[in-house]
Amino acid sequence: MEYARLGTSGIKVSRICLGMMSYGSPEYRPWQLDIDDARPIVRRAVESGVTFFDTADMYAMGRSEEITGELLRELFPRRDDYVLATKVYSPMGEGPNDRGLSRKHILAGIDASLRRLGTDHVDLYQIHRFDPETPIEETMEALHDVVRAGKARYIGASSMFAWQFAKAQHTAGTHGWTRFVSMQNHYNLLYREEEREMNPLCLDQGVGVIPWSPLARGLLAGTRDRDRTGPTVRAGNDPLVEKWYADAEFSIVDATRAIAAERGVSPARIALAWLLGRPAVTAPIVGATRTAHLEDAVAAVGLTLDDEEVARLEVPYRPRPIMGHG
């Protein structure tokens with residue numbers, strides 16, 4: 001495993017982040033694993049040197065945070081041995097204040113997350129989306145107060161327009177509040193719109209990019225065919241595949257598979273190696289429901305693609321509508 005600073009912040013993370021959305025309850029999502037099935041995968045991640053773990057309050061309505069906290073306490077001797085990230089924004093109840101990025105919801109959200117995680121702080125507290133209904137000053141001051149209270153070490157953001165992210169950073173800087181150190185955005189070989197504005201902004205401002213869906217919901221891992229069917233449970237229970245990824249882009253999947261065959265590795269390893277080589281990217285957030293998924297991700301850290309391979313992967317790309325901000 002390799003480790004890198006998260007942007008230009010002082011904290012170092014493993015170059016693969018284990019996304020914990022895959023662990024929760026099969027009753028909530030058919031493809032989610034319960035804690036007993038998740039344990040060997042998370043253990044293998046720890047044994048492989050992964051120290052960066054990302055969850056969110058809304059994953060299985062808090063159950064993912066509970067599993068994450070329990071397994072990390074079990075597998076690491078010290079709290080300081082790993083970097084723990086969670087998120088706030090999504091609805092966590094029926095009330096009008098049980099969602100969004102108001103001061104009320106952020107302060108309630110961090111306390112609820114800490115209770116579920118069984119810790120007194122998270123290392124990275126992220127806003128899951130941009131909230132147009134709340135003044136950005138209110139959001140950034142509340143996040144600053146979470147950091148000042150010692151409940152989070154750093155703050156991060158997730159999918160939004162570059163102008164929204166720039167506005168948040170400017171607001172924090174103007175008032176002397178804590179600025180975001182990371183951007184968790186939708187970025188992979190099949191969706192590269194982040195290369196236009198967000199990734200260059202992050203690179204210029206020293207913000208680490210930690211992409212979600214690095215394998216395009218399994219398409220780049222070879223788990224689905226052109227008709228979007230596949231052998232995995234998630235392949236048959238994921239309507240966002242059809243919504244986000246068009247048939248025309250399967251030529252990129254074909255190129256990924258071809259290079260993988262030439263290299264004698266999995267398509268997932270090729271797709272992740274490409275992403276790890278992109279400017280501004282610190283650590284892709286990888287979901288794993290089998291130990292083989294995790295091992296492929298870790299192996300990608302040591303795989304460098306040559307210029308010809310990169311060109312074969314990138315040339316078929318066509319501009320896409322913005323996706324993943326909602």
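Visitor: What makes Arg 192 count as a charge over the face of Tyr 317?

Guide: Arg 192 lies 5.0 Å from the ring centre of Tyr 317, and a charge sits over a ring if NZ of Lys or CZ of Arg is within 6 Å of the ring centre and within 35 degrees of the ring normal. This is a predicted model, in which local features need pLDDT of at least 70 and side-chain atom pairs count only at pLDDT 80 or more, whereas totals for chains, interfaces and linings use all residues. Residues are numbered from 1 along each chain as its sequence is written, and side-chain values use heavy atoms, with hydrogens and water left out.

Visitor: Why is the pair of Phe 76 and Tyr 82 called tilted?

Guide: Rings of Phe, Tyr and Trp (its six-membered ring) pair if their centres lie within 6.5 Å, and planes under 30 degrees apart count as stacked, over 60 as edge-to-face and the rest as tilted. The centres of Phe 76 and Tyr 82 are 4.9 Å apart and their planes stand at 40 degrees, so the pair is tilted.

Visitor: How do you know that Arg 196 and Glu 193 meet in a salt bridge?

Guide: A salt bridge is a side-chain nitrogen of Lys or Arg within 4 Å of a carboxyl oxygen of Asp or Glu, and for Arg 196 and Glu 193 the distance from N to O is 2.5 Å.

Visitor: Why is Arg 196 called exposed, and why is Glu 193 called buried?

Guide: Buried means under 20% relative accessible area, exposed over 50% and partly exposed in between (1.4 Å probe, protein chains only). Arg 196 has 51%, so Arg 196 is exposed, whereas Glu 193 has 7% and therefore counts as buried.
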